[in-house]
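Keep the sequence and the model open while you read.

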Amino acid sequence: MFFNDLKQTRGKIYISNDWCKGCGFCVQFCPKGVLDTSPEYNAKGYHPPYVKNPDACHDCMFCQMICPEFSIYVIKEEATNKGETNK
Amino acid sequence: MSKKRTGVFVCHCGTNIAATVDVAKVAKEMAGEDTVAFTKEYVYMCSEPGQESVVQAIKDNKLDSVVVTCCSPNLHEKTFRDNATRAGINNFTCEIANIREQCSWVHNDKAKGTEKAIKISRSVVRRVNRNQPLDAIAVNVTRRAMVIGGGVAGIQAALDIANAGVEVVLVEKQATIGGRMLQLSETFPTLDCSQCVLSPKMVEVKRHPKIKLMTYSEVQELTGSVGNFQVKALKKPTFVDPDKCKLCDECTAVCPVVVPNEYELNLTARRAIYIPYAQAIPASFTLDESVCLGLNPIVCGKCKDVCEADAINYDMRPETVTEDVGAIVVATGFDLYGQENMGELGGGKIEDVLDGLQFERLCSASGATKGHILRPSDHTEPKNVVFIQCVGSRDPAKHCAYCSKICCMYTAKHAQLYKHHVPDGRAYVFYIDIRSGGKGYEEFVQRTMEDNDTLYLRGRVSRLYRHNGKVRVLGTDTLSGQNVEIDADMVVLALAMVPSKGTTEIAKVLKIGRDKDGFLAEAHPKLKPVESVTAGIYLAGAAQAPKDIPETVAQAGAAAAKVIALLSQATLSRPPLIARVRRSHCTGCGMCVDACPFIAIRLENGKAVVNEALCEGCGSCSATCLRAAIDVKNVTQLQIYEMIEACLAV
C-alpha cells in the first residue's frame with residue numbers, strides 16, 4: 001500500500017463476440033497489451049479478441065473507441081482519488 | 001648502427017626486490033651483455049641520491065641508453081626518463097624492466113626469481129638496442145570538462161571546475177540532479193538537513209554561466225584521449241518544455257497511470273508524468289515514456305489537454321549531442337545491495353522490513369509520509385524498531401567482502417531520528433562492531449547509546465519472519481551469550497553499498513577499470529586516489545569506494561583540482577610511441593584499417609597512412625599485418641622478437 005494512496009485506475013473489458021469481425025484493431029492498438037486474438041471462432045467465423053492480461057487494463061477505453069463494430073467496451077472497475085475522468 | 005652504450009641500474013627497492021631476487025647477480029649478468037657499458041645496483045634507485053647517480057653515470061660513461069630494473073613503469077618510468085633528459089640523452093632511450101610487480105612480488109623462490117629477473121632485464125636491454133630517439137608530440141588542450149553524475153560529488157566537482165573559469169558539461173541520467181544525498185533526511189554527525197545543505201548548490205549549478213546542465217541524458221560513446229575527448233551523449237526526451245512548464249501540477253491530477261515512485265524508493269506511487277521532488281533541478285515535469293499510454297493523443301492526451309502553458313510536446317525525440325572536452329570526472333555513485341539477496345532476512349518480501357534509504361525517506365520532511373515514521377503495512381507508528389548493521393557487508397562467503405563504511409554512522413543516526421520522532425519507542429541495533437572513525441563520529445554514536453536510550457546488541461540476526469502482524473527477529477547477543485527474540489514493528493537493514501548500475505555501465509563506455517568489487521579503480525591506491533587508470537579521466541564519490549558525504553566532497557574537490565591543473569596547460573605532450581608504416585612493404589590490404597580501434601589508419605593511394613593525432617600506439621595494426629609493414633615505434637616486431645629470444649635464452 002503506497003503512502004500517498006494512489007491507486008491505478010482499472011477497467012473491466014466486455015466483448016460481444018458475435019459482433020466482432022476480427023479486424024484486430026483492439027489487439028494491435030491497446031497500449032498495455034491487454035488483449036490478444038482468441039483461437040475460438042465466433043458465429044461469423046472470425047477470431048474475436050479475448051482479455052489476456054486483465055490486470056494491465058488502465059481504462060483508457062481506446063479499444064472501445066477504435067472498434068468499428070461496437071463489439072468491445074470498458075467499464076471502470078476501481079475509482080481512484082484522481083485521474084479517473086474519462087474523455 | 002654503431003654499438004649502443006647501455007647503462008643498467010638495478011634497484012633493490014629496500015627488500016621488496018632484494019628479498020626474492022639476487023640483485024647483485026642480475027647486475028653481474030647484465031654487465032656481460034654485449035651492449036652494456038655500465039651497471040650499478042642501489043637500495044633505492046628512485047631516491048634523490050639514486051637518481052643523481054643515474055644522471056652522473058650517464059654523463060661519466062657516455063651512455064646513450066638506460067635500463068632501470070625496478071618497479072612498474074606506471075610508477076617510475078617518468079622519473080627515470082626525466083633523469084635521462086637531465087643527463088642530456090633522449091628520454092625515449094630509457095626503459096624500465098619491471099622485476100618487482102612481475103617478479104619479486106609474485107615469487108618466493110629466490111633462485112628462480114633471480115633467473116626470471118635476469119631474463120626480464122636482458123629482454124629490455126635487447127629492446128633498447130633498437131630504441132630510436134623520439135620527441136614527444138605536442139597536442140592542444142580543449143579547455144572544457146565533463147562531469148558524469150549529478151549527485152553531491154558531481155555537483156561539487158562541476159562547481160569547483162566552473163568557478164576556476166573552465167566550462168563544464170554536467171551529465172545526469174535521472175530527471176533531476178541531487179543524487180542519493182537529496183534522498184537523505186538528516187546527515188550525521190550534526191543532524192543538519194540534507195536537502196537544506198544540497199539544494200543551494202543545485203541552484204548554483206543551474207544558474208552558473210559556465211555549467212551546461214544535461215539531465216535525463218546518458219553518455220554513450222567516448223573517443224579521443226586526454227586533452228581532447230569527444231563524448232557522445234544521448235539526451236532522452238522529457239516531453240515537457242522546462243522553459244514553458246509552470247509547475248502547476250494539473251497534469252499529474254489527470255494522468256491515468258500509477259507506478260511506484262523510484263525517487264521515494266517505491267514507498268509512494270507517481271504518475272507517468274511527474275516531478276521527482278519539489279526541489280528538482282531543472283524544475284520541470286518529466287513524462288516517463290516507458291509507462292505512458294503511448295504518447296498518442298487519441299489514446300490518452302489528458303496531460304496535454306489540461307496543460308495551459310502548452311509545455312507538453314509528444315513529438316520530442318531523443319537527441320544525440322557530441323561534446324568536446326579535455327577532461328572527464330566520473331561521479332556515478334552507489335546503489336544499495338538488493339534486499340532480494342538476503343533470503344534469511346525476508347528477501348525483500350516482508351513489507352515492514354526497509355532498507356536504509358527507505359527509512360531516510362520516512363524521516364524526511366519532504367518524503368513519503370511528510371516526516372512521520374510509519375509502517376508501510378498499516379501506516380501506524382512503530383513502537384519498536386530493530387536496526388541491523390552489516391547486512392551484505394563483511395561477508396566474503398556469501399555477499400560483499402568489504403566494509404561499507406557509513407552504515408555504523410547512519411544506523412546511529414537512524415536510531416536518533418527515530419527516538420526524536422517517537423520518544424516512547426524502543427530502538428535496537430544489531431552490530432558486529434562499531435566503526436566510527438571521523439570527526440565527531442564516536443561522540444555521535446555514544447549519544448545514540450546513552451542520551452537516546454538505544455539498545456546496542458552485539459551479534460548477527462539469523463532470521464526475520466512475519467509473526468502476528470509484527471516482524472520476528474531472531475538474533476544473538478554475543479556479549480551476554482544469549483539468543484534474542486524481538487517482535488519488531490519495523491526492521492531497517494543497513495545494506496551494503498555497491499557500485500550503481502550506472503557506474504557499471506559507464507566503466508564499459510569509458511573503458512576505465514573496475515576493482516574486484518566493481519567500484520571504479522583508482523590509478524594508485526595511495527598516490528593517485530582520484531585518477532582513473534585512463535589519463536584525463538578522474539573519479540569522485542562512492543563510485544570509487546564506499547564513502548560518506550565529507551569524503552565525497554573532498555574527493556570531488558581533489559578531482560576538480562586535477563582537472564583544472566590539466567586544462568591550465570597550453571599543450572599536452574603525448575608519447576610518440578605510435579604506429580609507423582613501412583611503405584615498401586605495405587600492399588594496401590586494409591586489414592590494419594579494420595583492426596584500428598581509434599580509426600587512425602586510412603588507405604591513401606593503395607598504402608596505409610597513420611593519423612598521428614589519433615593513434616594511441618596500441619599495436620593492433622602491427623599484430624594484424626601479415627607483412628610486418630606497420631610497427632609501433634620503439635615496440636617494433638623485431639624488438640618483440642628479440643625480447644622473446646632473450647627470455648627463452650636462445
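What follows goes from the ground rules to the two chains, and then to some single residues.

## Ground rules

This is a predicted model, in which local features need pLDDT of at least 70, side-chain atom pairs count only at pLDDT 80 or more, and totals for chains, interfaces and linings use all residues. Residues are numbered from 1 along each chain as its sequence is written, chains are lettered from A and ligands numbered from 1 in the order in which they are written, and side-chain values use heavy atoms, with hydrogens and water left out.

## Chain A at a glance

Chain A has two helices and four strands; helices (H or I, at least four residues) and strands (E, at least two) are DSSP runs, numbered from the N terminus. Read from the N terminus on, the order is β-α-β-β-α-β.

Of the 87 residues in chain A, 33% are buried. Here buried means under 20% relative accessible area, exposed over 50%, and partly exposed in between, with a 1.4 Å probe and protein chains only. The accessible surface of the chain is about 5200 Å², and carbon and sulfur atoms own 52% of that; such areas come from the Shrake-Rupley method with a 1.4 Å probe, and for residues only the protein chains shown count as cover. Now take the contacts (heavy atoms within 4.5 Å) in chain A with a separation of 6 or more: 61% of them involve residues 24 or more positions apart.

## A five-stranded sheet in chain B

Chain B holds an open sheet of five strands, in the order β20-β27-β21-β22-β23 and with parallel pairing. Two strands pair if DSSP finds at least two bridges between them. At the edges of the sheet are β20 (353-355) and β23 (454-458) of chain B, each with a single partner strand, so one side of each has no neighbour in the sheet. Neighbouring strands are turned by 20° against each other on average, direction ignored. Axes are lines fitted to C-alpha atoms, for helices over the stretch in contact, and angles run from 0 to 180 degrees between N-to-C directions.

Within chain B, β21 (residues 384-391) and β22 (residues 426-431) pair in the parallel sense over five bridges. Look for B:Phe387, which sits opposite B:Val429 in β22(B). Helix α10 (residues 407-421) of chain B packs on this sheet and touches β21, β22, β23 and β27 (490-495) of chain B; its direction makes about 175° with that of β21(B).

## Cysteines

How many disulfides does a search of the whole structure find? There is one over all chains, counting a disulfide as a pair of cysteine sulfur atoms within 2.5 Å. The partners are B:Cys193 and B:Cys196, with their sulfur atoms 2.5 Å apart. The torsion about their S-S bond is about 85°, so the disulfide is right-handed. B:Cys193 is partly exposed at 24% relative accessible area, while B:Cys196 is exposed at 52%.

B:Cys303 is buried, with a relative accessible area of 8%. For B:Cys403, the closest cysteine sulfur is in B:Cys408, 6.3 Å away and too far for a bond; B:Cys403 is partly exposed at 30%.

## Loop residues worth a click

B:Asn131 lies in the loop between α4 (110-129) and β5 (137-140) of chain B and is buried, at 2% relative accessible area. Leaving aside neighbours within four places in sequence, B:Asn131 has contacts that include B:Lys4, B:Phe92 and B:Asn634.

Two peptide bonds in chain B deserve a look. The one from B:Phe188 to B:Pro189 is cis, with omega near -5°, and B:Pro189 is in the loop between β8 (186-187) and β9 (192-193) of chain B. A cis bond also joins B:Ile281 and B:Pro282, with omega about 0°.

A:Phe70 is not a glycine, yet has a positive phi of about 55°. A:Phe70 is in the loop between α2 (62-66) and β4 (72-78) of chain A and is exposed at 64% relative accessible area.
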